[in-house]
Every structure is written in C-alpha cells, then in structure tokens.
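Open the model in your viewer and keep the selection tool at hand. We will go from stop to stop, with a note on what to select at each one.

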Amino acid sequence: MMETLDQLFVLLKRWVVGEFPAAWRLWLSPLIDAGAIIGVFAGLFAVTTLLERKGLGRLQNRMGPNRVGPFGVLQPLADGLKMLTKEDIVPRAADRVVHFLAPIAMVTPILLAYAVLPFGRNLVAVDFDAGLLFFFAVGAGTELAVFMAGWSSRNKYSLLGAMRGIAQMISYEVPLVLSAVAVVLVAGSLSLPSIVDSQAGYHWGWLARWHVFTPWGLAGFILFLIAATAESNRSPFDLPEGESEIIAGHLIEYSGFKYALFFLGEYLGLFAVSALGITLFLGGWQAPVPFLAWVPSYLWFGAKLLGCIALFIWLRGTMPRLRTDQLMNFAWKFMLPLVLVNLVVAALWHGTAAWGFFGAGATRWLLGGAVLWLTYSALSHALFTAPGRGPRTYRYAD
Amino acid sequence: MSDLRPAMETLERIRTRLEAAVAGAELEVVANGAVAAQGSLRVDAAHAVAVARFLRDDAQLQLDYCSNVTGVDWLDRVVRTTVRTRRVIDGLERELEQTTEHTVPGYLEAVYHLYSVALRHGPLVLRQRTADRADGARVASLTPVWRSAEFQEREVYDLFGVVFEGHPDLRRILMWDEFRDHPMRKDYVEPDDYEYEPTPHDEVLAKARRHYAGAGGDRA
Amino acid sequence: MRAQAGDLEMRGAFAAEPHGGGGRSAGSDAGWGAGAGHEWVRPAEPVGRLEGEWLEVAMGPHHPSTHGVFRMNVALEGERIRKLKPVFGYLHRNHEKIAEGTTYLGSMPYTDRLDYFCSLTNNWAYALAVETLAGLGVPERAEYLRVITGELTRLLNHACLVGFLLHDMGTMGTPLMYAFREREKILDLFEALTGARMMCNYLRFGGCRVDVPAGWLAGAQRVVDEFPRFLDEFENLLTTNEIVLARSQGVGVLSGALAVNAGITGPMLRASGVNYDLRKVDRYGIYDRFNFRVPLGEHGDVYDRYMVRILEMRESVKILAQALKDLPPGPILDPKSKLRGFRPRAGEAYGRIEAPKGELGFYLISDGSVRPYRYRVRPPSLINLTVLEELCLGHTVADAVIVLGSVDIVLGEVDR
Amino acid sequence: MKHTPGWGLLKGLFETARNFVGSYYQPGRLTTIEYPDERLPVQENFRNFPMLIYDGADPERGLRCVGCKICEKECPPQCIYIVLERDRSGKVQKRPRLFDIDVSVCMSCQICVEVCPFDAIKMNTEYELSTGDRFGALLLRKAELAKPNEYYRRLHPTEAAEVDARLAAAAQAKAAAQAKEQAKLTAKPAKPAWSTQP
C-alpha cells in the first residue's frame, strides 16, 4: 500500500502512457513530465511568493498580505492578475528583439534543468548519466538572460546591474560546482539518482548516511548554499537587483508579463538549485530517520525544499547586502580556497575510509572538521580583520 | 566645567586687535537693539578674507566654525529729518520746522555667525555690506576660510543675488538654473505663472483670470 | 592612522588618489584648531585609470535611496565614483519668504514641516530664537516638557535613521520596521500630548501649548523603560553583523578638521571625534541639570556615525528617565508671552539647539512689527551635505547610497 | 574584544527569528491595526480641521462665532474666509454670513482655536474625509462646520469642561454687570463685546 503511494505518480504516468498507441508514447512521456514540472513548480512559485511575503512580514513584525481571501491566500492570484494586465512598456531606445527574448532566455534553461532532478523514488524525468553536468551547463544560461536584459534596456542602472550580475554569477559558479564535485568524488557518479542512492541507509540504525553529516559535507552544504544564494540573486547577494542602489538593475525596464517571467525564472532557479542541494547533501528524497521511511519519498523531498525556501526567506529578512568588491573578494579569496580545501578533505575522507588513516568514527569526524575550521578561521580572519575593522569601543565626553 | 571657559573678548577689543592685525580694514561695531543685544562686526569686502582668516587662526579667538551664513535685504529708505530753525520773517523771529527728506540707498548684507569649537565660545556676528542692490551687490566669499559657507553662500547668491567673489562654485542652489529673479529680496514680485485652480478665494480667481487672459489661454 | 590603513585596504588601487580629508586620521584632536592651515582645496580631478568614458548617472530625484527628492549627479568609472554633485531644490517652497509674510506665531506650524521627523525640536529651536529676541522666560515645567519631547524626538529620529541606513544597505527593511514599531509608540505619545503625530506645533514662545493629559507621564515612562530593550535587539541584529561591518567601516571617512571647517554638526561631527554637543556647549534650556555623556567616534566613517547614534539614544533614555522623575508642577507658559500682536523690539537674535540632525538655528531680525523682517533657518541637513562629494569620491555607487544615508538628511529641511 | 567571524550574522538570524515567533504572541511586537475593520481609539487631544461650535439646537442662531475675523487674520495658510451678515439696511451684523474653511489648505495647526476669544472655533477629530471631488468637497461651509456643543464635549471632555466653566463664569459675571448697569442706567445700551477686542 505504502509502496503504491510512494510510486503513485510513476504508476499514474505509466498507466496514462499505456493507454495510448505505441507510436505516441515516445512523445507523450516527456510531454507529461514537462507539463507536470511546469505545473507543480509554477504552483510552488505562487505559494512561495505568499510564504515569502507573509514570512518577511512576520520577521519584520508586520502582518503581511491578508486582504485577498482568507489570510491572504489568494494574494498570488491577485498579483498574477495584476502582472498580466499591466501595460507592457518597452523603452524607445531599447533593443526590442533582445529585450523581448531576455525573459524567455531566463525561464527556458531553468526549466530544462529540472529534467535531471529526482523528486522522489523513480520520480525523475531523465535519468541522465551526466545529470549534474547537464544541470550546471544549462543553469549557466540564465547569466546570458541577465546580460541580455541589462544591455537591451539601454538604461544606465540596468547596465550596471547586468555587469554586476554577470560578474557575480560567473564567480559563484566556481564554488558552486566545486562544492558539488566533492559529492561526485565520493558518490562516484554524475547521475543525480545514483547520488541519492549513495546516501541511502543509516549509521547505527538511526543517523542517515547523508553527506551533510560528514565534515566535508556540512562545509560543502553551507558553501553550496552560499553560492546558490549568489547564483539565484537572493539577499544578501542581490546586487544585480540592489533596489536601494541601482533600483532594480536589469529588471528596471521590464513590466507586466515580462517582469513576471523574470520573477518566475528567479524563483524557479531558486527551487532548482535548492533541489540540487537537497539531492547532493540532504539525501534527496530519503527519509531522515528509518521509522519515517514509510512516508512517500516526494513528500520528504517537498518538505526539504520548503525548509530550504524558509531558510532563504529568513536570510533575506536578516542580511544586508554586500558590495561588489566585497562580493568578489568573498568568492575568490574565501569561497574558492575553502571549497578546494573541502575537496581535499572529501578526497581524504573517501580515499582513506578503508585503511583508517583519518581515524575512525568520531575521531575521523573531528579531524576532518578541525582542518576545515582552521581553514575557515584563517581565511575569514584575512577577510574580516583588517586594522580598524571589527566591533569597536567608544569613548565618551562629559 | 564649561563655566570656567574664557568668555569671548568684547567686540570693541576684537576690533582694535583686528585693526592692528589687518592693515587698512574698515571695521564697525553694529549695535543690536533686541533684548539679546548681540552686537556684530561689519567688515569691508576688500579685507573680509584677511579678517576672517585672522578670526579663525587667532589663538584667543579660534573661531573655527562658521555656523550660519545668510543674507539680509535692506531696501532704500526715505529718512525724514525735521530741523527747527529760527528765522526772522517780516521782522519777527519765528520758529520754523523744516523737513528734509533724503534717501538712504539700500544694500544687501551677508551675515556670518562664527563660533569656536575649540574654545567653545561665540557667536561673533560678522557682516559684509554690498555697495548697492544692483550691480554693486558684491562681497567677498569666505568659503576658502570656512568650507561651511559653500552651500550657504550659494543660497544667498540664489535667493538674494549677492555675488560672492572668490567662491569656487557659485551657482544657483535651490532655484532652477534658468530662474531669473532673486525671490528673497524684499521687492520681489511673484511671477504670474502659476497653474491656478478653482478656489473660493476671489483674489486668486481674479489673478487667474488676468493670467489666462494674458496668456491667451481659455482655462479661466 | 588606523583609519588610513583601513582605507587602503578598502579602496585598493584607488587609495593613493587625493581624497578630501579621507586619508587623514580622524580621531586626533590635534589635527584641527588654530593655525592648522586647513584651507579647503577642491580635490584634484583624478587621472582616469581605465581608458574609456565615464558613465554619468543622475541618481535621483526619483531614486529609492535619496531620502526624498534629491539628486546626485555622479560620474562613474565602472562603479567607482569620480565626481559627485548634489542637486537640490525640488522641495523648495521658500519657507523663509512665507515666514517673513506671516506673524511670529504663524511660522510655528510651518517649522514642523522643515524636518518632518522632528517637529518638536524644530519648534524648540524657533521658540528659543524668538525667546532670545524678545527676552521671554520659560517656566520650569515647560522646560522639562521641552526636554522630554525633544529627547523623545531624538529617539525616534535616530531609530528611524538607523533603520533607513540599514535599508539602504539592503536589509529588506527589517531594522526599519523595528524602528518604526518603536516610533509608533513615541508618536502615540505625541498624539496624546499635542494632538498630532508628526506636525505637533506644540511649543509657544515662553512655554508650551498644553499640559500633559492624565496618564501621559506613565505612558512615557513605559516607553522609555522599554526602549533600551529595543536598542539591545537592534544591536544584536546589527552591531556585530559582519556584513554591516564590512559595508560601513572605512567608508565615507570624515576627518575632524574637515568636519569642523565644513560646519558639520550633530552626530556626524561627533562621529569624527569632535566633542561639540550644543546641549553641553550652550546648555540651553535646562540641559545642565541632567547627567549624560556625549559619545564620540574615532574613525569618522559610516559605522561610527551609526554607533554614535545608537549610543546617543542610550544617553537620551537616561535624560528622559531623569526628566520624567523630576518634572515639577507649575505653569507652562510665561505670563509675558502673548499670542496675538506679538511685537518684539527691533533687533536681531540667533537661537540654536542640538536637533537630532545637528545644529538647528534660527536667525531672526525684527523691525518692531508683528512680522519678522528676516527669518532664516540654519538647516543642519543642508550643511551636512557640504562634504558629500569628499565622502563619496573613490567609493562605489553602493557606498554613496549609505554615505548619504549616514549623513541623515530630510529634504524638507534641505530645501525648505 | 575577540570576535569570531560569522557569529554576528548568527546573532542577527537569531534576533529575527525571535521577532518572527514573538509577533504571534507578544502584543507589543505587532503594532499593526487592520484599519477599516479595527480602529485605534481617538486620543482626546487629537485634532484634525476646525469646526464651529453652537449652543442650543439651532446651528444658525446658536453659533458662537461673532465674525470678528481674528482667526481669518491669524490663520497661517489663510484658509478661512469670512463674510459678515448684513441686515436689510446694510448694517454689519455680529455673525458670519459665510464661514468657509478650505481644508485642502488647512494644516490643522490650531492657531485659530487659540486666538479665538469666544471659544467659537474648536478642533474636530474627524479624519475620514477622503473624497473624489477635489475642490468642492474639501471646502467646508458654515453648515458643515457647525457642530453642537455636546459634540465638542464628547470629543474633548476635559477641554470642553474647562471651556464650559469659563463661559458660565463669564456669562454670570456679565449678567451681574448687566444687572448692575441696568439698575444704574437703563437707557444706555451695552457695548458689543466683540468691538472691545483689540
């Protein structure tokens, strides 16, 4: 029974496809996948905008939206209607073709990236051998969209935003990929379902064998999250938009449906990269404790995704924005060395597991953690503690 | 505490010292009739910068902080003086009242309020007067001495039309660049170029009617 | 010299360029004073490092971070600011001309609209100037009420300023909302006392308009008692936040010498290490009765300006506690003061107070009629902007926004 | 002071989480009022645009205003317009024919209330005045401005009690003086009160 529930969507699809003649099946199967992904994640986008507004409101001791429908649940609908009925304004000087294509170029690659993500047991559109590679390759396409939007708008602010966006996204691509490489190294596969499988099972019968519970996995996950925040232009790395500085950056000349597409693209990107983080470090759709393994796998995945989204909202409500040069310093002088050290630790962890060089059990854990902590301390010291920096004491005059 | 701080010297003493220090400076102590009785020191434009520099750098004064710079517009005034004279008219000595009128030409003033941050005393009020209210409305800029005068002198230039010679960046500050007049002058007449709106106030309606008739418009 | 070292780190390749006052040590008192020869020289135009044109951007008047309708014409090299010219006047309504056409009392409600965050201190400065001009006394109780309302105003202004500053740094308005939450409580007090939340129009020449209603003092005491908790929360959120530190330390460094010479006043001056607080210097009102200290910054950067304001709020809470405890009974208006037909003797006077944003002064010339012959506002916001270009040169657009935020301007006061 | 990098950010995250949770159960945290459904109590001292007070039941006859035009003169934004009533022979009467306040100009500064020697103009607390008609509806006429004394007592009980006491005392004194005067010189008419004002 539980097995059926777990495989509900897989069986459902198999049944629907089976109803059609064989010649159609080849086309129908991916169409159903695409439809389901677009439907589910567009719905999640709507829910997230509401969650974000409510959550930020509460973080800031406000109520958040509560006028449309009970507790404001219909707010996304109202927002969507507003977006769709707004006038579509294109600046006269804009490069119209590129201006039109930019939002499409934003959403398309992100949707493609969903193809390789396993949302549950056997619930993956394409079980691709080089799935991770595909994800990063396709996901990088959004950078082009940001630059297209910034350039074609013929606006100084949007140009600044595009410059910031490109610099930021390319810089953070490196730690993002490298932190994922550690997992590839350990799991020995680029296929995302097999990476999830590599995290199956439990230590001592209760601790899930997720990568996040290893020192390199924990550090990798945090680094991955930071890089993912930067990749998806979320606060504290929302410089390309930086509404207090360059107003809305590359989005400044977009309105109506095109703006909504950008918005959708950003959130879809956030979901995709969170889903990847879950897959790589948080055991994908696996249950955290064995006695809850009966809960359908996609529900676990959804819960983890919502947790990630909540974390992003929380960060957004708390953090100020970095500055361009600090952002770059952070990427190249902090993230990159740390992620490389992390890679080495992961390699040692994996390579020495058999012959116990790194110690065993807790010792092994502590040793790995210590290496990473020391690196972190040294790097952050270099980054944050220039003379005259840090908390200060103040004198008073009477 | 600050009760023990040395009070600033009297204006007369400052004037004496200034006259010794800055050769040729024309200085005048201007009295103040208000309860505050805060007198001020008038200085001629030619020596204003030297005087200001002395005031700032003198060890006893150290007026390093120029708090407030502003302009004052004094219009032409008609002064009537009545003189009683005795004159012999028709063999009789009579007392006659003779009234003479003469016009005191108007001028513009730039007023500086100086304080000392180092010695915590002040204010010393420094005034410069222009020769007249038209072409001669020129005084020396004290911005090179006190940077705080930069925007305020620009404001006086903008609103009063006093030209500050030696100001590094004398442009209009509050009014737009194309604006012609100086609105803070006492004889300023409002231009008749508002967008009048329906109002119960008759004067405004009358003004609007005049305005739109003059403009050839059809609104009123 | 620590500030300088930090500067080098911060601005990298651009540190060696001439930069008005930025490289000088801000903290030492020896740097300014008599004979220091601090003639102001306009900073030399830097030599372009990149082969290419500067991007000229008009930041404002419609920009989310200009705190109103204010424009900064900036020339950018990449994102580095090479030139910056502030442009104002969009909100200019010639307050001074209006005041010269109305009675002395009639200008009182207009002063509310200068710095619309701090109407009560604006009232106070104007009342003080007129009292100096006409020689009016203020009853004891009214003085206490002035101190109480004035310090509450300081609390709400500083809290909101810090909120705005952090909003400019990109915190999605979280500190701003916390500040507004506290501001609401203070505004409720103002509403109960003066009848309006922002346009209080509360002071009169020689006293105050109305006495406190029943229960008001207890309410004020409660707000004052709870305020330190809010400040603790604020500080937990921000003071040691690494991003805030990185964004604000070493940015917009203002030396004490330049600050004094450029007439910078208020928390901005004290953040540059100059001990000059009019509550201590002039001891206007009854400030000599209260026990409080003046926090001083050392580096003169944005972080110091932020911290000085936070610390000043803590001192204001102390003053408020003392004032609420000691408030004596008695009349609230000088019997000599009159509402209509108020004609001070011909002459002039200058009255100034330590408003939350700096020295707010009113210069009045009376010709013996019911209207002031000359009425001048010395706006701290405008004069504090004098050094904006120096503070921003060599920094990025993002820094310009927070430097402007740390100057604390309200355009109602800048443009008048 | 030793400062571990990253600790400040965590403290900040903790603080916002505390506010998030606190907003659900700590009443001081959520100051928002859901306006059209809930309203804040109007403070007694609250003021928003002036009104004219009348005694008794007839707003026309009971109006305290005698048209002395002091408020018109003292109003800083000049938003009060008064035209005095004239009788058939053209003689000026002691009451206003027109009393308009342009509330689109009025700034609720209360100076008219303070300078009024007859306690005839007081501050209203009505604040929901939004309207689609920009010019007509924001010009309040005498009929819209006139409010009974009971209304004023309800809005500002403390202040109204003082005013009522003062007026009663004045009326009493006046009656006594009048009786005395009457007894002395029955022929001489009493001087109008408003003309004694400077």
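Start in chain C by selecting helix H7 (residues 216–238) and helix H12 (residues 302–326), which pack with their axes 10 Å apart and at an angle of about 160°. Axes here are lines fitted to C-alpha atoms, for helices over the stretch in contact, and angles run from 0 to 180 degrees between N-to-C directions. Helices (H or I, at least four residues) and strands (E, at least two) are DSSP runs, numbered from the N terminus.

Before moving on, note that this is a predicted model, in which local features need pLDDT of at least 70 and side-chain atom pairs count only at pLDDT 80 or more, while totals for chains, interfaces and linings use all residues. Residues are numbered from 1 along each chain as its sequence is written, chains are lettered from A and ligands numbered from 1 in the order in which they are written, and side-chain values use heavy atoms, with hydrogens and water left out.

Back at the helix pair, H7(C) and H12(C) are therefore roughly antiparallel (angles under 35 degrees count as roughly parallel, over 145 as roughly antiparallel, 65 to 115 as roughly perpendicular and the rest as oblique). H7(C) passes H12(C) in a left-handed crossing (left-handed if the near helix is turned anticlockwise from the far one by less than a right angle, right-handed if clockwise). To see the contact (heavy atoms within 4.5 Å), show side chains including C:Val224, C:Phe227 and C:Leu231 of H7(C), and C:Ile310, C:Met313 and C:Val317 of H12(C).

Next, look for rings. The whole structure holds 48 aromatic pairs over all chains; rings of Phe, Tyr and Trp (its six-membered ring) pair if their centres lie within 6.5 Å, and planes under 30 degrees apart count as stacked, over 60 as edge-to-face and the rest as tilted. Select C:Phe164 and C:Phe180: their ring centres are 6.0 Å apart and their planes at 85°, so this pair is edge-to-face. The pair links distant parts of the chain, with C:Phe164 in helix H5 (residues 140–169) of chain C and C:Phe180 in helix H6 (residues 174–194) of chain C, 16 residues apart. C:Phe164 is partly exposed at 23% relative accessible area, and C:Phe180 is partly exposed at 26% (buried means under 20%, exposed over 50%, partly exposed in between, with a 1.4 Å probe and protein chains only).

Where do chains B and C bring a charge to a ring? Select B:Lys186, whose charged end sits over the ring of C:Tyr373, 4.2 Å from its centre (NZ of Lys or CZ of Arg within 6 Å of the ring centre and within 35 degrees of the ring normal).

For the last stop, go to chain A. Helix H8 (residues 156–187) and helix H10 (residues 215–231) come within 9 Å and cross at roughly 150°, which makes H8(A) roughly antiparallel to H10(A). Their contact includes A:Tyr172 and A:Leu176 of H8(A) and A:Trp216 and A:Phe224 of H10(A). Finish on the aromatic cluster of chain A, whose members include A:Phe41, A:Tyr114, A:Tyr259 and A:Phe301.
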